Amino acid sequence: MGQALGCYQVDQSNVAIKEQFGRFVDVLEPGCHCLPWCLGYQIAGGLSLRVQQLDVKCETKTKDNVFVMVVASVQYRAVADKASDAFYRLTNTREQIQSYVFDVIRASVPKLELDAVFEQKNDIAKAVEDELEKAMSNYGYEIVQTLIVDVEPDVNVKRAMNEINAAARLRLAANDKAEAEKILQIKKAEGEAESKYLSGLGIARQRQAIVDGLRDSVLAFSENVPGTSAKDVMDMVLVTQYFDTMKEIGASSKSSSVFIPHGPGAVRDIAVQIRDGLLQGNAANL
């Protein structure tokens, strides 16, 4: 704005209040205006029509007795058609807006618990905006937007919340780890059971093959060598297996020492013991 030789300039996005001998006359829009000062005309002041922002910090208490600092940003501007009300009816616009923000926040937040305050920030901002719009419209101001930009609890409360969150995550991680170990143990046990089952099948088939081979050998030997009985053939098979076993024990570098009776008579004794055991078992079954 500028004034020289009775002319007054109003800048863009601004208005000026024109008075004559201290009485309101008109609202001057942007441009150049003639003000004959000798007739008592003067400019009482000006208003900006730009959007302005006011950040309000309000400390209050939640329903669960936690003190929080709520930061609200109010964007407002003067209405050109009501510029006279905005200029004359309010002494300090920013303090007036701040008072309404305090009133609404301190009436809304104590009804909510701390977690709900974070979740319902938009609802709190809408309540503040509605209350400001209703009050400030009477004074020539428009509330463009109201935002709750921050909710900051006490430092000790924030630390406790972080510790609770960390403990919950550690507990969840421990549960997941335990579940994974449980699955590994189950799979390992299932694998061992399957391995033992297959090993048992292999041993059973091996023994069946040995029995079948011995039977075929006994029958073939009896047919090819006249005068031999099944007992003679079994004694020979036992002697052969005995020496094969001794050979394997002696050839293996990792085998433990085994002390057994050694000599041709020992083989006969072993054969007798096996045969007597079979006969006793058959007699018991009868």
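**Close-up views of a predicted model**

Buried residues (under 20% relative accessible area, with exposed over 50%, partly exposed in between, for a 1.4 Å probe and protein chains only) make up 24% of the 286 residues in the protein chain. This is a predicted model, in which local features need pLDDT of at least 70, side-chain atom pairs count only at pLDDT 80 or more, and totals for chains, interfaces and linings use all residues. Residues are numbered from 1 along each chain as its sequence is written, and side-chain values use heavy atoms, leaving out hydrogens and water.

**View 1. The chain as a whole.** The protein chain holds 7 helices and 9 strands. These are DSSP runs, numbered from the N terminus: helices are H or I with at least four residues, strands are E with at least two. Contact means heavy atoms within 4.5 Å. Of the contacts in the protein chain with a separation of 6 or more, 61% come from residues 24 or more positions apart.

View 2. H4 covers residues 121-136, 16 residues in total. From first C-alpha to last, H4 reaches 22 Å, close to the 22 Å expected at 1.5 Å a residue. The expected span is 1.5 Å times one less than the number of residues. Ile124, Ala125, Val128, Leu132, Ala135 and Met136 are buried in H4. They lie on the same side of H4 because they cover an arc of only 100 degrees around the axis. That arc is taken from the directions from the helix axis to the C-beta atoms. An α-helix has 3.6 residues a turn, so residues three or four places apart point the same way. The buried residues of H4 pack against strand E8 (67-78), helix H2 (93-108), helix H3 (114-119) and strand E9 (141-153). The face turned away from the buried side carries exposed Asn122, Asp123 and Lys134.

View 3. Strand E7 (residues 52-61) runs antiparallel to E8, joined by 10 bridges. Two strands pair if DSSP finds at least two bridges between them. Gln52 stands opposite Tyr76 in E8. The hairpin has 5 residues between the strands, and Asn65 takes a positive phi near 65 degrees.

**View 4. Thr60 in strand E7.** Thr60 is found in E7 and is buried, with a relative accessible area of 7%. Leaving aside neighbours within four places in sequence, Thr60 is in contact with Val66, Phe67, Val68, Val70, Ile105, Arg106, Val109 and Pro110.

**View 5. Ser73 in strand E8.** Ser73 sits in E8 and counts as buried at 5% relative accessibility. The side chain of Ser73 makes a polar contact with the side chain of Asp55 (2.6 Å). A polar contact is a pair of N or O atoms within 3.5 Å; within protein, one must be able to donate a hydrogen and the other to accept it, and residues adjacent in sequence count only if both atoms are side-chain atoms. Beyond neighbours within four places in sequence, the contacts of Ser73 include Gln53, Gln145 and Val149.

View 6. Val79 lies in the loop between E8 and helix H1 (83-88). Val79 is partly exposed, with a relative accessible area of 26%. Val79 and Ser137 are 58 residues apart in sequence and 8.8 Å apart in space, C-alpha to C-alpha.

View 7. The structure holds 0 disulfides, each defined as a pair of cysteine sulfur atoms within 2.5 Å. For Cys7, the nearest cysteine sulfur, that of Cys32, is 4.7 Å away. The sulfur of Cys38 is 9.1 Å from the closest cysteine sulfur, in Cys34, too far for a bond.
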